[in-house]
Amino acid sequence: MRAATRAPDRLAWLSPAVVVALLGTWEAGVRWGGVSPLLTPAPSTIIRELLALLANGVMLTNLSATLLRLTIGLLLGAGVGVALGLAMGWWPTLRRAIDPIVAGIHPIPKIALFPILIVLLGIGEESKIAAIAIGAFFPSLINTMAGVQAISPVQLDLARNYGAGTRAMFFRILLPGSLPLVLTGLRISANVAFLSAIGVEMISAHTGLGSLLWLSWQVFRIEQLYATLIVVALVGMALTLAIRTLTHRWAPWLTDSGVGI
């Protein structure tokens, strides 16, 4: 077990080294004329553009707009998804009634629902946040329901035999037992919600990282486009790190056992 947990530390340098090697090759290719700077600007040019966007406030304004929509949509979607997933996992009758509806709607690309949301909620923030929440809803719902169903019936019977009430069953058995898959669903929900936020902003927003990406392409500001993509990637990495931090705090036995979430 100890050898398995030490292995990632010994290889911690590998990923940064690969990134540095790729960026160095890219920079050299542009400087020596092997790569067109018009379509693929040098990394040093992109970094200068990113710093300029940060200095003039453009990037921070758009980043703040995306993070606000993402936070509200994720809390709404994942919150309702976890609550309904617990209920559907616990009550078979409710699961049989709703599961076919979930199976029918889940495969639909959520961005395809955005025009309907605009018709229903208008072109303001409500429709954008609703689209993000719908994207976050299904992964949390499905994983939470699976987490509850994965709890051993022996544990449930044992708790009932010892007289555990509904409250004790929920907080001592149901919630801890389903937590690994709840956290897995939360990580997927965060990623899907972020993708949804970028998508809806590209279609109908005047602010946000998606809007900045689309504007960069329309005016052919390639350096700005790459700089925005870097920020999008950093936000995605920050989301993953945040979920891992929550996992370490709420379910430390998962990280200690090497389970990747």
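Which helices each supply at least two residues of the lining of the largest pocket? Helix H2 (14–31), helix H3 (43–55) and helix H11 (222–250) do.

Hi everyone, a word on the model before we go on. It is a predicted one, where local features need pLDDT of at least 70 and side-chain atom pairs count only at pLDDT 80 or more, while totals for chains, interfaces and linings use all residues. Residues are numbered from 1 along each chain as its sequence is written, and side-chain values use heavy atoms, with hydrogens and water left out.

Now some terms. Helices here are DSSP runs of H or I with at least four residues, numbered from the N terminus. A pocket is an open set of points on a 1 Å grid over the protein atoms alone, where a 1.4 Å probe fits, with protein on both sides within 12 Å along at least five of seven lines; lining residues have an atom within 4 Å of a point. Its volume is the space filled by probe spheres set on the points.

Back to the largest pocket, at about 410 Å³. Its lining has 13 residues, and Val 19, Leu 23, Ile 230, Ala 233 and Leu 234 lie nearest the centre. H11 gives the most, six residues. By class there are 12 nonpolar, one polar and no charged (Ala, Val, Leu, Ile, Met, Phe, Trp, Tyr, Cys and Pro count as nonpolar, Asp, Glu, Lys and Arg as charged, and the others, Gly among them, as polar).

The second largest pocket has a volume of about 260 Å³. Of the 15 residues that line it, those nearest its centre are Val 182, Leu 183, Leu 186, Leu 246 and Trp 250. Helix H4 (58–90), helix H9 (166–204) and H11 each give two or more residues to this lining, and H9 gives the most, with six. The lining has 14 nonpolar residues, one polar and no charged.

Let's look at H4 and H9 together. Their axes, lines fitted to C-alpha atoms over the stretch in contact, come within 8 Å and cross at roughly 145°, on a scale from 0 to 180 degrees between N-to-C directions. The contact of H4 with H9 has 17 nonpolar, three polar and two charged residues.

Last, the aromatics: the structure holds four pairs, meaning rings of Phe, Tyr and Trp (its six-membered ring) with centres within 6.5 Å. Take Phe 137 and Phe 138: their ring centres are 5.0 Å apart and the planes stand at 80°, so this pair is edge-to-face (over 60 degrees; under 30 is stacked and the rest tilted). Both Phe 137 and Phe 138 are buried, with under 20% relative accessible area for a 1.4 Å probe, protein chains only.

Terms used. Buried means under 20% relative accessible area, exposed over 50%, partly exposed in between (1.4 Å probe, protein chains only).
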